[in-house]
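Open the model in your viewer and follow the stops below. Each stop names a selection, then says what to look for.

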Amino acid sequence: MPAGAPRVFVSHLAGVAVFDPNGDQVGRVRDVVAMLRLAGRPPRVLGLVVEVIGRRRIFLPMTRVTGVESGQVITTGVLNMRRFEQRPTETLVLGELLDRTVRVVETGEPVTVLDVAMTQLLARREWEVDKVFVRRGKTGALRRRGEALTVDWSAVTGFSLEEQGQGAENLLATFEQLRPADLANVLHHLSAKRRGEVAAALDDERLADVLEELPDDDRVEILGKLKEERAADVLEAMDPDDAADLLSELPEPDKERLLGLMRPRDAADMRRLMSYEEGSAGGLMTTEPIVLRPDATIADALAKVREQDLTPALAAQVYVCRPPDQTPTGRYLGIIHFQRLLRDPPFTLVGASVDTDLPTLAPDTPLPVVAGHLATYNLLAAPVVDETGSLLGAVTVDDVLDHLLPSDWRERELYAGMALPEAADGR
């Protein structure tokens, strides 16, 4: 490589902001597209996969990249907003090459790919992958110093071979800071094989969060590739309403086997949620709102609200009920909004601060009425109460929106009907 030619390790590009010439951010890098070549020749870098508004992924040709420096990518400002579709001759560097086992040409020794580097060819606006950062031995174990090294692309072989059981540690390390919804978007755009491998490498809590953000087809596919015991653990870690929705997509025998492997209380919650009509308040609700007895204090309520695993919608209010205080509860008494908790002294009993005037929802309330109820009373969540006056759960605004939007809203074309400029390669 000529002196002064820039080299960039691809993992350092993950999540990097992309700017137009005016300094306005247009998206973030999610992957690098390359074309493998024969006879050990370094792959040609075709472009970048860039995520723009609405988590839409587009292709940015390298011919339109004017700079890769200081943690940012600069473009010419001309973008083709057509959704990126991977072609058979293309390879996603992050999604498909990281964690792959290849062999050193000289010795035949197996090594694991930790990263690859791409270099710009001087005098041309072209890039190629010229270096591979590898580690000797299998992945997952503690390593001694000196076992990781950088070699020329031509020094290793095996990138074009189909690999079973490819790991996902380095791919996940590249995207570890992503929110669950953004990591779900990464998984959705991987091949089914890689999607299963990445899901297997996630811990139960992280995978549960990601499954809640995926389309139904992807969720069913991933759950079907897990061992049944682990699938049951992941379902228990999901929000009850999302887990019930996922279970309802499965064949009846599979559903019953998984319910049989779950903790009895979690399985009972799942069965109760699946018994309600889809799109009703009962079918939309979560069975795990914050419930306190009337003799609890404001300080107790604030401690509950601070729990890290709560969504903002569930943390916005506390429900006060007679014992038992797990759904279905004893008699429902009322609700306390978060602002009231901040105004009243910590030693005040919640029974003295409860709002008893807010109407409740019956479990068979249809979706449009639920949405109107939240809008009318400016609520992030609303209580669902049965005919005996017991609290069954709470409907949150995010679940209402999820059911009001089109079923394919996560993948819907946001730019339909727009006049789009063509990219240099005709994509």
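## Stop 1: strand β16

Select β16. This strand is mostly covered, with 5 of its 6 residues buried. You are looking at a predicted model, so treat every value here as computed from that prediction.

Zoom in on β15, residues 317-321. β15 and β16 run antiparallel, joined by 5 bridges. Select valine 318: its bridge partner in β16 is isoleucine 336. Then select glutamine 317, which stands opposite histidine 337 in β16.

## Stop 2: the whole chain

Zoom out. The protein chain has 427 residues, and buried residues make up 50% of them. Colour by secondary structure.

Orient the view along the principal axes. The C-alpha atoms fill a box of roughly 75 × 45 × 45 Å.

## Stop 3: helix α10

Select α10, residues 264-274. Which of its residues are buried? They are Asp266, Ala267, Asp269, Met270, Arg272 and Leu273. Show their side chains.

Next, show what surrounds them. The buried residues of α10 pack against α7, α8, α9 (252-261), α11 (281-284) and β18 (391-396). Keep α10 on screen for the next stop.

## Stop 4: the cavities

The structure holds 2 cavities of 30 Å³ or more.

Start with the largest cavity, which has about 60 Å³ of space. Select its lining: Leu235, Glu236, Met238, Pro240, Ala243, Met262, Asp266, Asp269, Met270 and Glu288. The elements giving two or more residues to this lining are α7 (228-237), α8 (240-248) and α10. α10 gives the most, with 3 residues. Colour the lining by class. There are 6 nonpolar and 4 charged residues, and no polar ones.

Move to the second largest cavity, with about 40 Å³ of space. Its lining is Arg30, Asp31, Arg57, Gly95, Leu171, Phe175, Val186 and Leu190. By class, these divide into 4 nonpolar, 1 polar and 3 charged.

## Stop 5: the largest pocket

Now show pockets. The largest pocket has about 1,600 Å³ of space. To centre the view, select Asp239, Asp309, Leu310, Thr311 and Leu314, which lie nearest its centre among the 47 lining residues.

Which elements contribute two or more residues to the lining? They are α3 (180-188), α5 (204-211), α7, α8, α10 and α16 (397-404). Highlight α16: the largest share, 5 residues, comes from this helix.

## Stop 6: phenylalanine 9

Finish at strand β1, residues 7-9, and select phenylalanine 9. Is this residue buried, partly exposed or exposed? Its relative accessibility is 23%, so phenylalanine 9 counts as partly exposed. The cut-off for buried is under 20%.

Show the contacts. Leaving out residues up to four places away in sequence, phenylalanine 9 touches Asp115, Val116, Ala117, Phe133 and Thr150.

Last, draw a distance from phenylalanine 9 to valine 129. The two are 120 residues apart along the chain, and their C-alpha atoms are separated by 9.3 Å.

Methods
Residues are numbered from 1 along each chain as its sequence is written. This is a predicted model: local features need pLDDT of at least 70, side-chain atom pairs count only at pLDDT 80 or more; totals for chains, interfaces and linings use all residues. Side-chain values use heavy atoms; hydrogens and water are left out. On a 1 Å grid over the protein atoms alone, a cavity is a set of points where a 1.4 Å probe fits but cannot get out, and a pocket is an open set with protein on both sides within 12 Å along at least five of seven lines; lining residues have an atom within 4 Å of a point. Grid points are joined across faces, edges and corners, and a volume is the space filled by probe spheres set on the points. Helices (H or I, at least four residues) and strands (E, at least two) are DSSP runs, numbered from the N terminus. Ala, Val, Leu, Ile, Met, Phe, Trp, Tyr, Cys and Pro count as nonpolar, Asp, Glu, Lys and Arg as charged, and the others, Gly among them, as polar. Buried means under 20% relative accessible area, exposed over 50%, partly exposed in between (1.4 Å probe, protein chains only). Two strands pair if DSSP finds at least two bridges between them. Contact means heavy atoms within 4.5 Å.
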